Amino acid sequence: MTRSIAVFNQKGGVGKTTTVINLADALANKGHRVLILDLDPQGNATSGLNIEKDREEMIYDYLLGAEGDFAVQVKDNLSIIPSGAGLAGIEIEFARRDDWQTVLKDRIADLEDYDYIVMDCPPSLGILSVLALTAADGILIPVQCEYYALEGLSQLMESIQLVRGGFNPDLEIEGVLLTMYDGRTNLSMQVVEEVKNYFKDAVFSTVIPRNVRLAEAPSYGMSIMDYDKNSRGAKAYASLADEVEKRRS
């Protein structure tokens with residue numbers, strides 16, 4: 001069965017899009033059929049995979065129920081339904097509807113051609129993020145290994161509880177992912193310990209390092225696996241894909 005994962009944190013700059021692109025590609029490299037849904041109007045997952053943001057068929061139309069083949073194939077086993085700035089208008093469209101919360105859930109229910117659907121969410125609990133969390137089987141939470149990392153985590157958990165209570169009682173914590181780790185600093189190590197104390201076994205063993213090659217890859221429209229498969233960043237996301245796969249089995 002298809003496993004849908006929303007990558008979400010209300011705090012920006014924690015590596016959501018980097019995780020979406022590279023986890024999805026790592027899973028695809030393992031032979032899984034993977035679809036990325038770019039639900040962020042900034043469209044960084046779209047541009048990060050070298051897909052044009054001004055295509056005729058995009059996730060905006062997909063959410064409004066339009067017919068068509070919206071998935072753009074990036075490479076073998078990996079596709080994306082792209083986003084663009086126009087997606088921000090979906091909030092106006094859905095403000096007039098009473099049933100908007102389950103629109104995405106209903107649409108992806110028929111997607112049987114994929115093993116994983118990985119959703120990139122905006123850094124706020126607006127309509128687009130609620131759509132993703134309502135449609136998801138699990139939420140993957142990236143947490144940056146920096147000073148303000150734990151700020152807002154209690155609010156994030158409250159948001160998850162709201163979605164569970166209102167729209168998706170089966171929403172699971174897929175896992176908590178520590179990102180931008182710098183082993184040379186005491187701060188990074190302290191954040192790791194605090195996050196593990198807070199989330200316990202939900203924290204992935206894999207930790208994503210602060211890595212120059214990982215930061216460079218999107219500017220070339222490539223995942224880290226295609227940009228530099230031997231980098232520390234690529235090896236970390238390959239390890240994360242192993243963990244995600246094992247947690248499903």
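Modeller: R210 is partly exposed, with a relative accessible area of 40%. In these terms, buried means under 20% relative accessible area, exposed means over 50%, and partly exposed lies in between, with a 1.4 Å probe and protein chains only. The model is a predicted one, in which local features need pLDDT of at least 70 and side-chain atom pairs count only at pLDDT 80 or more, whereas totals for chains, interfaces and linings use all residues. Residues are numbered from 1 along each chain as its sequence is written, and side-chain values use heavy atoms, with hydrogens and water left out.

The partner of R210 is E146, and their side chains meet in a salt bridge of 2.4 Å from N to O. Because E146 belongs to the loop between β6 and α7 and R210 to the loop between β8 and α9 (212–216), this pair ties together parts that are 64 residues apart in sequence. A salt bridge here is a side-chain nitrogen of Lys or Arg within 4 Å of a carboxyl oxygen of Asp or Glu. Helices (H or I, at least four residues) and strands (E, at least two) are DSSP runs, numbered from the N terminus. E146 is itself partly exposed, at 32% relative accessibility. With a disulfide taken as a pair of cysteine sulfur atoms within 2.5 Å, the count for the model is 0. The loop between β6 and α7 (153–166) also holds G152, which is partly exposed at 30% relative accessible area. The C-alpha atoms of G152 and A88 are separated by 24 Å, and these residues are 64 positions apart along the chain.

How many salt bridges are there by this rule? The count is 12. One of the pairs is K75 with D25, whose closest N and O atoms are 3.0 Å apart. K75 sits in strand β3 and D25 in helix α1, so the contact ties together parts that are 50 residues apart in sequence. D25 is buried, with a relative accessible area of 0%.

A further pair joins D115 to R33, again with the closest N and O atoms 3.0 Å apart. D115 is in the loop between α5 (103–108) and β5, and R33 is in the loop between α1 and β2, so this pair ties together parts that are 82 residues apart in sequence. D115 is buried at 18% relative accessible area, whereas R33 is partly exposed at 36%. N77 belongs to the loop between β3 and β4 and counts as partly exposed at 33% relative accessibility. Leaving aside residues up to four places away in sequence, N77 touches A28, G31, H32, R33 and V34, contact meaning heavy atoms within 4.5 Å. Elsewhere, R3, E172 and E174 are linked in a network of salt bridges.

These pairs can now be placed on the fold. The 8 strands form an open sheet in the order β3-β4-β2-β5-β1-β6-β7-β8, with mixed pairing. β3 (72–75) and β8 (203–209) stand at the edges with a single partner strand each, so one side of each has no neighbour in the sheet. From one strand to the next, the twist averages 25°. Two strands pair if DSSP finds at least two bridges between them. Strand β7 (residues 172–181) is joined to β8 by 3 bridges, and the two run parallel. Within this pair of strands, L178 stands opposite V207 in β8.

Helix α1 (residues 16–29), which carries D25, lies across β1 (3–7), β2 (34–38), β3, β4 (78–81), β5 (116–120), β6 (138–144) and β7, and runs at about 165° to β5. For such angles, axes are lines fitted to C-alpha atoms, for helices over the stretch in contact, and values run from 0 to 180 degrees between N-to-C directions.

Finally, the aromatic side chains give 3 pairs in the whole structure. In one of them, the ring centres of Y62 and F70 are 5.5 Å apart and the planes meet at 65°, so the pair is edge-to-face. Rings of Phe, Tyr and Trp (its six-membered ring) pair if their centres lie within 6.5 Å; planes under 30 degrees apart count as stacked, over 60 as edge-to-face and the rest as tilted. Y62 is buried at 5% relative accessible area, and F70 is buried at 4%.
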